[in-house]
Protein chains: 4
Amino acid sequence: VRQQTAESYRGFRTAGIRLTEEVVPSLMDHRTDTLGDTLGPIHQFDKAHLVMLSEREVIPRADGAAMLREIRDMEKRGVEATRLEVGGGMHSGEQFLIRRLGESVGGRIHAGRSSGDLGEVGRRVAMRDSVLVLMNLTNELRAVLLRLIPDTVDAVMPGHTHGQQAQPTTYGHWLSMWAYVFARDFERFRSLYSRLNMSPAGAAILTGSDFDVDRARTSDLLGFNEPIVNTMDAILSHDDILECTAVMAVHGANIERLGEDLMLWSTAEFGMIDFPDRFCGTSSIMMQKKNPYAPQAMKALGGETAALSVMALYVEKGSTGLPIMERHATETAMWSAFANTKARLRDTIELLPDIKLRRERMEYLAGAHWAQATDVAAALVHEKGLPWRTAHQIVGILVRLTEERGIAPRDVTTDLLDEAAIEYMDSPVQLSQDVLQRALDPRAFVERRVLLGGPSAAAVLRELPGLERGLAQDIQFMKDADARVAAAAAQLEEAIDALVGAKSGAVAAR
Amino acid sequence: VRQQTAESYRGFRTAGIRLTEEVVPSLMDHRTDTLGDTLGPIHQFDKAHLVMLSEREVIPRADGAAMLREIRDMEKRGVEATRLEVGGGMHSGEQFLIRRLGESVGGRIHAGRSSGDLGEVGRRVAMRDSVLVLMNLTNELRAVLLRLIPDTVDAVMPGHTHGQQAQPTTYGHWLSMWAYVFARDFERFRSLYSRLNMSPAGAAILTGSDFDVDRARTSDLLGFNEPIVNTMDAILSHDDILECTAVMAVHGANIERLGEDLMLWSTAEFGMIDFPDRFCGTSSIMMQKKNPYAPQAMKALGGETAALSVMALYVEKGSTGLPIMERHATETAMWSAFANTKARLRDTIELLPDIKLRRERMEYLAGAHWAQATDVAAALVHEKGLPWRTAHQIVGILVRLTEERGIAPRDVTTDLLDEAAIEYMDSPVQLSQDVLQRALDPRAFVERRVLLGGPSAAAVLRELPGLERGLAQDIQFMKDADARVAAAAAQLEEAIDALVGAKSGAVAAR
Amino acid sequence: VRQQTAESYRGFRTAGIRLTEEVVPSLMDHRTDTLGDTLGPIHQFDKAHLVMLSEREVIPRADGAAMLREIRDMEKRGVEATRLEVGGGMHSGEQFLIRRLGESVGGRIHAGRSSGDLGEVGRRVAMRDSVLVLMNLTNELRAVLLRLIPDTVDAVMPGHTHGQQAQPTTYGHWLSMWAYVFARDFERFRSLYSRLNMSPAGAAILTGSDFDVDRARTSDLLGFNEPIVNTMDAILSHDDILECTAVMAVHGANIERLGEDLMLWSTAEFGMIDFPDRFCGTSSIMMQKKNPYAPQAMKALGGETAALSVMALYVEKGSTGLPIMERHATETAMWSAFANTKARLRDTIELLPDIKLRRERMEYLAGAHWAQATDVAAALVHEKGLPWRTAHQIVGILVRLTEERGIAPRDVTTDLLDEAAIEYMDSPVQLSQDVLQRALDPRAFVERRVLLGGPSAAAVLRELPGLERGLAQDIQFMKDADARVAAAAAQLEEAIDALVGAKSGAVAAR
Amino acid sequence: VRQQTAESYRGFRTAGIRLTEEVVPSLMDHRTDTLGDTLGPIHQFDKAHLVMLSEREVIPRADGAAMLREIRDMEKRGVEATRLEVGGGMHSGEQFLIRRLGESVGGRIHAGRSSGDLGEVGRRVAMRDSVLVLMNLTNELRAVLLRLIPDTVDAVMPGHTHGQQAQPTTYGHWLSMWAYVFARDFERFRSLYSRLNMSPAGAAILTGSDFDVDRARTSDLLGFNEPIVNTMDAILSHDDILECTAVMAVHGANIERLGEDLMLWSTAEFGMIDFPDRFCGTSSIMMQKKNPYAPQAMKALGGETAALSVMALYVEKGSTGLPIMERHATETAMWSAFANTKARLRDTIELLPDIKLRRERMEYLAGAHWAQATDVAAALVHEKGLPWRTAHQIVGILVRLTEERGIAPRDVTTDLLDEAAIEYMDSPVQLSQDVLQRALDPRAFVERRVLLGGPSAAAVLRELPGLERGLAQDIQFMKDADARVAAAAAQLEEAIDALVGAKSGAVAAR
């Protein structure tokens with residue numbers, strides 16, 4: 001007789017049933033400590049599945065109630081610790097119930113499901129919950145960005161391309177860019193969420209079962225939007241992992257770029273910003289050092305999420321259903337990446353408001369290296385009717401002359417401009433000194449750019465209400481999404497109450 | 001005097017203006033033959049920008065009209081060839097116009113724009129156009145899948161997990177999975193499209209300009225949904241590339257998996273399907289070979305798109321605006337990946353309907369290796385009220401016994417089942433031979449699974465109308481999206497007509 | 001007064017010295033529990049550095065001896081726990097010493113070094129030690145492969161390309177391939193080892209120091225081959241990480257491919273091999289399942305190491321010395337990948353000898369699907385003098401005819417061959433039935449291939465001594481390499497003995 | 001009768017032999033224009049194989065001679081064009097010969113080989129040849145670096161870590177680092193070369209053949225070191241691709257980092273170096289721009305090679321021999337990456353000597369931001385016997401005070417230092433003004449570092465002879481390797497001469 005006693009039950013894999021040997025330890029990756037973020041969701045699925053089975057009377061209601069009572073008892077004692085006591089892993093719920101209620105009752109929980117939907121439900125709920133947190137944090141970050149804009153739209157600084165100074169802009173304009181970037185990250189998460197928050201429950205391993213399960217009910221009890229229809233698709237398609245890790249990689253790359261901007265601007269050579277000391281460390285040998293820790297951690301996120309995305313793509317390569325255990329590798333890396341993404345968003349939310357701008361240095365740089373040159377040419381077009389290209393070439397010569405002669409932009413004279421014009425087209429341009437001076441002023445450069453989305457204070461502030469409205473809508477979306485999850489959890493407890501109450505005492509009578 | 005004559009004009013980079021040397025040939029990546037898919041879009045942008053400048057009178061209408069007339073002349077002579085004649089590259093429009101009209105007219109086209117918006121507009125339009133093609137092809141593929149389902153819902157075959165036979169399902173159920181997979185791919189493309197089809201035009205390099213440009217007008221003329229607001233964001237954020245390559249990688253991974261399924265099933269050992277000869281090659285040494293070319297090309301797409309995604313993430317790493325030329329590497333790889341994705345979708349659309357199913361072999365396999373075991377246990381639950389786990393363990397022992405004794409599933413007797421039951425729980429289960437036989441029949445296994453999304457013909461066909469409705473909506477979406485692009489192109493030509501007609505002859509009078 | 005008392009000393013980063021705030025917890029990644037495999041090596045470096053400083057009298061010998069005594073005391077109490085007590089992290093040695101001996105003595109350990117060489121020494125020693133383990137395990141695996149060859153050179157089976165049967169070969173021939181593959185992996189590790197086992201010690205952060213350090217002495221005491229000469233190179237170049245993760249990725253891909261072969265052959269449809277049960281699991285729903293865990297874990301390694309390689313490349317992108325903390329992400333992933341590579345090698349070493357070959361099935365498959373066709377054409381060349389291409393085309397037609405008519409290879413007649421010949425060239429080939437039969441026999445096919453490296457038993461066994469010699473040399477290399485590390489450790493302890501003994505009691509006299 | 005006439009022969013894949021349909025055009029990837037760098041090597045293999053077959057009399061010598069004569073004729077007419085005329089692809093040699101000599105002669109070339117060894121030989125020779133070019137270019141780059149060192153060992157500049165100024169060093173010290181980096185790259189290429197330059201020829205597709213081929217002879221004629229022994233390994237293992245792309249990725253990452261250093265230092269804000277104009281471009285809108293093209297192209301190489309490595313790893317995933325056509329994707333990307341790596345090495349070799357150092361700015365920066373702080377603490381240790389940590393903390397306070405009070409490093413007084421000391425330990429340190437000044441001088445900082453590998457001119461120049469010797473050895477290695485390839489090519493032509501001469505006229509007599 002191989003049937004185990006309640007106390008000794010070690011799970012369905014015990015040697016002597018189907019297989020004749022225990023799995024070697026190096027391949028046992030099913031303990032609670034490797035379930036990552038899925039432990040809680042798997043526990044919830046145990047409950048929701050039991051409720052559904054009981055309500056449909058796929059199992060006797062009394063048995064269902066008995067099991068649910070034991071699970072509530074487990075919750076009082078601590079879910080994680082209790083599950084670990086009985087061996088851990090995704091089947092620890094069943095193992096616990098069999099040890100407590102014997103196989104004749106506890107052995108009924110797994111009707112109509114498989115490790116497949118356990119794993120997939122656990123994974124999807126855990127991912128869904130983390131994605132919701134990331135969405136909320138992204139909104140918090142957007143709110144911080146919007147709050148900082150009004151006070152920084154006059155902080156003139158150089159913008160760069162090809163690593164070279166391009167044109168003057170402002171810190172507020174730069175913040176506004178990030179508000180749009182993270183609004184798009186939110187959109188990507190929201191779009192992902194619509195596909196991610198779908199229920200595989202009841203699909204078992206790929207064909208469902210011939211038990212009379214109600215997939216919609218389990219889906220509702222777990223806060224999913226609805227069941228994934230095709231049962232093979234539900235368990236064996238993993239484009240949701242590929243999409244999620246890809247979206248995390250895009251988000252990670254955005255965080256990374258933000259970190260790179262901050263790193264560069266905080267070098268002594270740029271000297272444009274300063275971090276609060278608590279986001280920095282110093283050196284054991286170079287005591288002058290104020291190493292920016294926060295932006296480096298932001299940069300690391302790009303690497304971690306890019307690697308995660310590659311791991312997911314690589315591991316999933318293969319025919320449908322072939323790669324199964326390989327997925328553990330992806331998931332382990334994914335729970336870590338979720339944790340680090342949350343940490344980096346929280347850092348950034350706290351860091352940004354406390355960054356100190358060195359406004360004088362920023363504006364000095366914007367005027368000292370010819371970032372404003374574009375508008376000297378534009379002045380020639382506006383004032384003198386020159387074609388753009390002619391004006392552009394004249395000022396190109398002008399810049400070269402100043403470089404050859406060591407003249408700073410602010411010291412340029414109309415004579416020098418005429419010298420350049422004569423070199424290019426044999427005649428002077430005769431721009432007035434006044435116009436030239438305004439053209440050379442980086443602050444005026446910025447203020448002239450009132451076009452849609454431009455860097456002038458007017459243009460940036462004009463868009464702020466729109467950004468705020470967009471954020472408000474997304475915050476509302478999150479309230480609804482979070483509420484849906486909370487309502488499902490409450491509904492699940494109510495359903496358990498109903499079952500446990502109604503059948504109270506029935507088990508004892510068995 | 002450095003000003004060039006019309007004939008000799010070689011562009012604004014000529015040595016002697018700003019710089020003193022010509023760029024070394026190994027770094028000149030701006031010729032038409034490296035513009036990839038962006039040549040046409042850049043040409044359109046030249047036209048739209050000229051229309052907008054002329055309408056707003058940022059440049060004299062007569063000059064605008066003259067330039068547009070020349071561009072139409074270029075179109076008669078062939079855009080690509082003509083542009084290559086004048087040196088190629090994204091500024092070949094301006095170069096052509098200056099050579100034809102002199103710098104005094106042709107030198108006006110570039111007012112209020114930069115290589116930045118040229119590159120970004122060209123890239124986004126080219127990506128948008130390719131994404132629209134991919135979306136249409138994805139819909140065609142979905143249509144093929146749906147058409148093939150009704151005739152294949154009775155083609156019983158084994159489903160696999162961990163590389164081992166799992167449970168019987170059908171080819172139609174498998175096709176239905178793919179219909180859902182590609183519906184999600186379409187959703188991802190549609191979501192991407194909403195962020196991709198936004199206009200950077202007028203944002204110049206990061207601050208726009210102080211010319212009175214109308215960004216909305218240019219956006220409309222190019223078929224964009226609307227301008228990207230923040231001008232720095234418009235040019236220097238590239239999360240759209242990261243998202244697009246990521247979505248392509250997810251899509252590529254799906255195509256790859258489909259190819260893997262087909263490859264595996266077409267091995268002699270599986271022997272479940274056969275390809276039309278035109279998708280195969282033979283060998284120069286092994287004349288028996290019928291090498292499946294199409295699925296291997298599908299598999300290669302996974303590698304190409306995964307690599308593209310890594311290249312994009314790697315190349316974009318850095319502070320805002322720092323990586324610029326590096327993007328050429330990504331774009332070159334992206335145009336290739338678009339072309340290959342289109343080719344693979346077209347192959348698949350043609351291949352799938354002509355795959356020959358070896359239905360007898362498929363059904364034989366589904367019954368020969370215990371894929372149906374689940375339902376023997378289920379029968380014990382349904383008929384004998386056993387807990388699932390007890391039934392599961394008994395059948396586990398049964399399977400082991402058949403293996404030890406070399407008994408095929410179909411030859412299993414109720415006696416053997418009882419032997420297993422006795423071994424497990426000291427008593428027989430006494431299932432009737434009839435019930436056992438039905439439990440062992442893979443076709444019956446499938447037919448019992450009528451649950452939502454299950455593999456039975458009834459369940460699969462029940463979902464078909466929903467899939468068809470979804471596809472119909474997405475086809476309508478594509479009609480609208482394609483129409484929008486076509487309408488914009490028409491609107492642009494009309495605007496040119498208006499300008500060219502009204503000011504006809506004006507240039508000659510200059 | 002900011003100087004800390006011995007008990008309270010919390011390290012050089014304490015707020016109030018250089019910086020005014022403590023680092024936020026989310027950015028404190030310096031605790032012992034995140035040092036990964038580098039804790040031991042950093043401890044060794046503390047000792048070696050103290051020995052060198054004392055011997056050179058960069059610090060008073062008495063102070064050096066006092067510190068070394070305390071460190072030995074720490075070793076008695078447990079290095080990891082003690083270091084964690086004083087705050088953990090790479091500077092826990094100094095912190096421990098200051099707490100025990102006050103800053104006046106303990107504060108001397110860090111003269112002439114930096115976190116830079118602490119981190120780099122710790123990392124390189126840890127990598128070196130893991131690479132040596134991988135090299136030894138690779139040799140063990142090679143030994144297993146060589147042992148299994150003689151008994152399997154007669155196990156005829158089909159070889160595949162394009163997923164289709166190509167030609168008959170043997171399991172022993174396949175094992176021999178892997179012996180060469182892993183010999184090359186060993187070579188790659190050995191080549192890497194020569195660059196990896198170089199000492200950064202004394203290079204501080206990039207310029208070394210003006211203390212009179214002896215870099216060669218520290219290098220010797222840590223078992224390095226020699227110092228990395230250029231001090232900037234020593235700390236800020238990380239191509240050794242890139243190479244190591246790349247070599248691990250190649251090795252991981254090889255292990256992955258081996259796992260794929262085993263997975264495929266163990267499918268019911270191939271049915272060529274069977275795994276010992278302890279490397280498999282079964283299913284909670286499909287009790288017939290014998291899921292091969294070991295090969296899936298082998299496959300996962302490919303994904304983990306590919307991702308690690310990408311993370312390293314991505315994270316290191318940037319100017320020299322810019323990415324520093326990002327490296328923690330790579331290292332965390334690297335220690336995990338080392339552990340998993342070791343585990344998978346150990347699994348494979350244990351698994352391979354216990355795989356059960358289904359020899360009859362293997363040979364049946366090799367003859368049932370025309371894998372032997374090549375040699376029917378070869379027979380026409382040998383016997384009838386036909387050009388290869390003519391023979392190839394005739395047999396191509398023959399195969400098609402058998403397929404159209406449902407004739408198995410073994411039932412082919414010379415008449416049918418003549419029919420094919422006539423179709424191709426209007427005349428029969430008149431091959432004797434005897435020759436045809438030998439051509440059609442997969443075992444004979446294999447035996448005919450006596451060429452260098454061919455699959456015949458003779459050819460495979462002929463190469464075995466060479467493989468064994470190569471392995472013996474590599475085993476000797478490992479003995480030497482391991483001995484070098486052991487000798488260095490002994491030398492370090494002897495040097496400590498000498499210092500501690502000579503100056504015994506000196507500290508107390510202070 | 002299906003046999004083709006000479007003129008019409010279209011290859012062994014013609015519909016009607018084994019298969020009944022022609023391959024669809026989208027899957028025909030075998031034309032000459034997609035053979036990439038392998039066209040020449042495949043042509044050489046045709047010749048070497050014919051020589052070997054003729055010498056061994058596997059085919060009649062007269063037929064071999066006739067074919068070799070035709071091939072020489074093809075060479076006169078142009079190999080690529082002629083092969084394209086007959087359909088292109090790896091079998092174009094055979095097709096050409098059959099069209100010229102009929103199937104009765106031309107149909108003999110393929111005896112004893114397969115598309116497998118054609119592809120593998122072509123690939124390995126092409127890779128070998130490119131790797132040799134990369135090795136020579138790497139040596140040229142090392143030579144340039146060594147030449148530039150003597151004149152730049154006195155160019156003091158700041159070194160950075162964490163993006164912050166760390167310590168003063170010199171441009172010459174930095175160049176020396178790169179000399180070591182590229183010496184290691186050379187080592188990696190050399191190690192790869194030893195595994196890469198092995199001959200698969202004669203291994204056919206995985207078992208060789210029963211023809212009496214001489215694998216060693218073909219190997220010699222193609223300049224390989226020796227045959228890859230195991231025939232399955234020779235064709236179906238691709239760790240050489242994985243290693244090659246990995247080594248290219250490491251090399252690409254090194255080139256990338258060099259580009260990043262140059263980019264950063266050429267920003268206006270750093271202003272340390274200036275590029276020759278020919279490696280830069282300017283902007284169509286910002287005429288002040290001098291965009292560094294060369295370093296951006298260097299950076300792009302990192303992305304391209306990282307992506308290539310991922311593609312190779314992804315594509316090769318699968319059981320032995322399963323992925324075949326997928327490899328085309330990898331190869332296409334690999335030929336491009338080889339070309340770009342060569343181009344970037346050539347750019348760098350030309351660029352480096354012409355970079356203009358702004359030495360005053362470099363030295364100013366090295367002293368203006370406390371990079372020299374380390375040595376103020378060191379002075380306290382040397383002069384006052386303070387423990388390192390005490391000195392470090394005191395100077396940490398000093399730096400903070402200067403920052404709070406806006407004092408530049410050079411204006412620091414001994415009083416301020418004493419204030420810091422008193423704050424830390426209640427007593428002044430009383431360092432002499434003279435010592436303090438020397439400690440604060442960045443040039444003196446560098447000169448004090450005479451340790452092995454340190455930045456002082458003495459230390460850097462001391463290592464130069466060793467670097468030169470290492471380079472000289474590697475240049476000699478290349479001479480030998482290149483000579484081996486040249487000798488093999490000559491030997492092949494001689495062998496052809498011998499065959500063609502001896503049997504001249506024999507074909508006509510047939």
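Author: Let us begin with the term contact, which here means heavy atoms within 4.5 Å. The model is a predicted one. By that criterion, 100% of the interface residues of chain B are also interface residues in chain C, so the copies meet through the same surface. The contact involves 44 residues of chain B and 44 residues of chain C.

Reader: What rotation superposes chain B on chain C?

Author: The rotation is one of 180 degrees, with 0.0 Å of shift along its axis and an RMSD of 0.0 Å. The two copies are therefore related as by a two-fold rotation axis.

Reader: How is the area buried between chain B and chain C to be read?

Author: The size of an interface is often given as the accessible area lost when the parts come together. Between chain B and chain C, about 3,800 Å² is buried, and carbon and sulfur atoms give 59% of this area. E269(B), M287(B) and K317(B) supply 21% of what chain B buries against chain C, more than any other three residues.

Reader: How many salt bridges and how many residue pairs in polar contact are counted between chain B and chain C?

Author: The salt bridges number zero, while 31 residue pairs are in polar contact, both residues being at pLDDT 80 or more. Among the elements of chain B that each supply at least two residues to the side touching chain C are strand 1 (156-161), helix 10 (239-265) and helix 15 (388-405). Helix 15 of chain B gives the most, with six residues.

Reader: Is Q288(D) buried or exposed?

Author: A residue is called buried under 20% relative accessible area. Q288(D) has 6% relative accessibility and therefore counts as buried. This residue is placed in the loop between strand 6 (280-281) and strand 7 (291-292) of chain D. The side chain of Q288(D) reaches the backbone oxygen of A166(A) at 2.8 Å. Beyond its sequence neighbours up to four places away, Q288(D) touches residues including H369(A), W370(A) and R18(B).

Reader: Why is helix 4 of chain D described as largely enclosed?

Author: Eight of the ten residues of this helix (residues 92-101) are buried, so the rest of the structure largely encloses it. The buried residues include F96(D), L97(D) and I98(D). Their cover includes helix 15 (388-405) of chain C, as well as helix 1 (39-55) and helix 2 (61-77) of chain D. After helix 4 of chain D comes G102(D), with a positive phi near 80 degrees.

Terms used: Residues are numbered from 1 along each chain as its sequence is written. Chains are lettered from A and ligands numbered from 1 in the order in which they are written. This is a predicted model: local features need pLDDT of at least 70, side-chain atom pairs count only at pLDDT 80 or more; totals for chains, interfaces and linings use all residues. Side-chain values use heavy atoms; hydrogens and water are left out. Buried means under 20% relative accessible area, exposed over 50%, partly exposed in between (1.4 Å probe, protein chains only). Helices (H or I, at least four residues) and strands (E, at least two) are DSSP runs, numbered from the N terminus. A polar contact is a pair of N or O atoms within 3.5 Å; within protein, one must be able to donate a hydrogen and the other to accept it, and residues adjacent in sequence count only if both atoms are side-chain atoms. Copies are superposed by least squares on the C-alpha atoms of residues with pLDDT of at least 70 in both. Buried area is the accessible area (1.4 Å probe) that two parts lose on being put together, summed over both. A salt bridge is a side-chain nitrogen of Lys or Arg within 4 Å of a carboxyl oxygen of Asp or Glu.
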